[in-house]
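Hi everyone, thanks for coming. Please bring up the structure on your screens, and let's walk through it together.

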Amino acid sequence: MPTYTPPLRDMQFVLHEVFKVTDEFKAMPAHAEVDADTINAVLEEAGKFAAGVAFPLNISGDTEGCTLNQQTHEVTTPKGFKEAYAQYVEGGWAALSCDTAYGGQGLPHTVNQCLYEMLNSANQAWTMYPGLSHGAYEALLAHGTDEQKKTYLPKLVSGEWTGTMCLTEPHCGTDLGLLRTKAEPVGDGTYKITGNKIFISAGEHNFTSNIVHLVLARLPDAPKGSKGISLFVVPKFKVNADGSIGERNPIYCTGLEHKMGIHGNATAQIAIDGAIGTLVGEPNKGLAAMFVMMNAARLGVGNQSLGLTEVAFQNALAYAKDRIQMRSLSGTKAKDKEADPIIVHPDVRKMLLTAKAYAEGARALQIFCTLLLDKAHSHPDEKVRKDSDELVALLTPIVKAFITDNGHIATNACMQVFGGHGFIKEWGMEQFVRDNRINMIYEGTNTVQSLDLLGRKVLGNNGATLKKFGKLVGQLVAEEGVNEKMAEFINPIAYLGDQLPKFTTEIGFRGFQNPDEVGAAAVDYLRVAGHLVFGYMFARMAQVALREIAAGNTDPFYQAKLQTARFYFAKLFPEVHTLMRTARAGSKVLMDTDAALA
Ligand SMILES: Cc1cc2nc3c(=O)[nH]c(=O)nc-3n(C[C@H](O)[C@H](O)[C@H](O)COP(=O)(O)OP(=O)(O)OC[C@H]3O[C@@H](n4cnc5c(N)ncnc54)[C@H](O)[C@@H]3O)c2cc1C
């Protein structure tokens, strides 16, 4: 059976030592009082919930899955899920980073980020129920009318109700411009919604008395394509004027998907049969409103893979210390044993360190991004808010795609550490691999994230935001460029920071002549950009570790940080050379293949 220990010390290192978040919070009136002790105490309690309540339900939830009663359209979630959710609500976790105006605790997003990392390690399938609610809360907070906010936000904040995002239809996933669900004005300010949605996560369950669906649909006079999509809030049960639950709205779960992983989460087919909803935001501007939820979800999906990478690493490490097979190539290490523990073998170490490095890089990037989100929401200086917002927009596809692709590499590597036992269910490792696999697909496939990064976020503004990130890299290089001890961490990012703008211009120029060049390069490009971002994170972490060691701190924690950073730059980062080469190989070899694919 797998185990999980919340990585509190690692989180504290990134929060307090690398990014000094409380110094940043002091500049934000909403968070000025949040100190390190408070954050640490909250995370310690959060870790207890994740490890003690959510984690024990991970394997049983996977085995049991969800069941649908076709007559009542009600879904039963795995044993213990509902009770765990009640405990979550009781503990106030749903409200942690929500607006105090709606009953939230008003803590920074950065703290919520760490709570969710631990929940995802513990049980991704369960965590998706509250996770999607939080996204629905953010979309309504940003775009809801006063009436909608009054009706829905306090319930979503407390966790009394949950939320969903209903975009996908059988014929339309990536291309939402194709969607057909219809919304007809009733004449009293409400709309009658009709259509079919599929793949709706947490789309039906037995946790709460109501479910708040955010549904994309078309108004009768809507233009074709993505410019004709509007967003509606459609509750499972209508809400009376006094806030009490009213009659059942005809929005039903008609089927549950049988899937590769996250079995404990109900992935629902939803039939909407004239259900009554209200418009969120402006007519035909629904995608813009939904993007608030989608962007939050994209950061959240990166966080899912961070969680799985961490828990897979912890278990693979314990196994590698315990399992004995063969002797070390450089001579017997465990003389008292029949064979050496497999951790002595270089390739087993490589697999372990790959997962460790991808977890630590991802944690730093996720916290860096949520700190930017806090600044974008709460900083008094408008320029800081705008710059932070732009940087998060640039980094969001990298968080989503790079961290989830790395999660795939890492969870597979950790399963491999177990040899044949990794393939056997009882060790839990194959579940981490299966659960992680969806993270590369939903919330916009990783290909789509790459196109968003290269096409929209980089070439779309002539590399202006990329330059801003490049400036951060440049500052660190300038700060540490003469420090010999930092050279092994600084030189690679100085090199890539210099190469990336040239590489971008080259791809952009080719794309100008033939747009398929952008499509052919985008996935490789995102990984290159991802490594620049991770490289920056590792250099910042190494900088702190070196300073501590120079100041006489003998805590092995800091040596471990340096060793992981060294491994990252020596064994993982260099793939950027191959990736730039394959990106430069262009589109011809892909597009001139009609004969090969005939
Ligand atoms: C378990 C699960 C949970 C989900 N949860 C939700 C949810 O809560 N709400 C919701 O609305 N949806 C949800 N989804 C749907 C999910 O977001 C979509 O499956 C995903 O966006 C991809 O859409 P699709 O499946 O239709 O694939 P398609 O769009 O048909 O894509 C097929 C392939 O073509 C590629 N492709 C498509 N367009 C391009 C392009 N322009 N350039 C290059 N490649 C392209 C894709 O990358 C992919 O590899 C969920 C799906 C699953 C499986």
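How many nonpolar, polar and charged residues does the shell around the ligand have? By class, there are nine nonpolar, eight polar and two charged residues in that shell. Here Ala, Val, Leu, Ile, Met, Phe, Trp, Tyr, Cys and Pro count as nonpolar, Asp, Glu, Lys and Arg as charged, and the others, Gly among them, as polar.

Before we go on, a word on the model. It is a predicted one, where local features need pLDDT of at least 70 and side-chain atom pairs count only at pLDDT 80 or more, while totals for chains, interfaces and linings use all residues. Residues are numbered from 1 along each chain as its sequence is written, and side-chain values use heavy atoms, with hydrogens and water left out.

Back to the ligand. It is surrounded by 19 residues, and the closest are Thr 168, Thr 174, Phe 199, Ser 201 and Thr 445. Let's look at some atom pairs. A nitrogen atom of the ligand is 2.7 Å from an N or O atom in the side chain of Thr 168. Met 165 has a backbone N or O atom 2.8 Å from a nitrogen atom of the ligand. Gly 173 has a backbone N or O atom 3.5 Å from an oxygen atom of the ligand. On its own, the ligand has 970 Å² of accessible area, and the protein covers 63% of this. Such areas come from the Shrake-Rupley method with a 1.4 Å probe; for residues, only the protein chains shown count as cover.

Which elements give two or more residues to the shell around the ligand? They are β5 (191-201) and α12 (446-458). β5 gives the most, with three residues. These labels follow DSSP runs numbered from the N terminus: helices are H or I with at least four residues, strands are E with at least two.

Now to Glu 443, in the loop between α11 (429-437) and α12. Its phi is near 65°, a positive value in a residue other than glycine. Is Glu 443 buried or exposed? Glu 443 counts as buried because its relative accessibility is 15%. Buried means under 20% relative accessible area, exposed over 50%, and partly exposed in between (1.4 Å probe, protein chains only).

Glu 443 also leads us to Arg 298, whose side chain reaches the backbone oxygen of Glu 443 at 3.2 Å. Arg 298 sits in helix α8 (residues 286-322) and is buried, with a relative accessible area of 9%. Beyond its neighbours within four places in sequence, Arg 298 is in contact with residues including Phe 291, Gln 449 and Asp 452. Contact means heavy atoms within 4.5 Å.

Ile 262 also has a positive phi, near 35°. You will find Ile 262 in the loop between β10 (251-256) and β11 (267-280), and at 4% relative accessibility this residue counts as buried.

Next, two threonines. Thr 110 belongs to helix α6 (residues 109-143) and is buried, with a relative accessible area of 1%. Its side chain makes a polar contact with the side chain of Asp 374 (2.4 Å). A polar contact is a pair of N or O atoms within 3.5 Å; within protein, one must be able to donate a hydrogen and the other to accept it, and residues adjacent in sequence count only if both atoms are side-chain atoms. Thr 404 is in helix α10 (residues 382-417) and counts as buried at 0% relative accessibility. The C-alpha atoms of Thr 404 and Asn 303 are separated by 8.4 Å, though the two are 101 residues apart along the chain.

How values were computed: Near = heavy atom within 4 Å.
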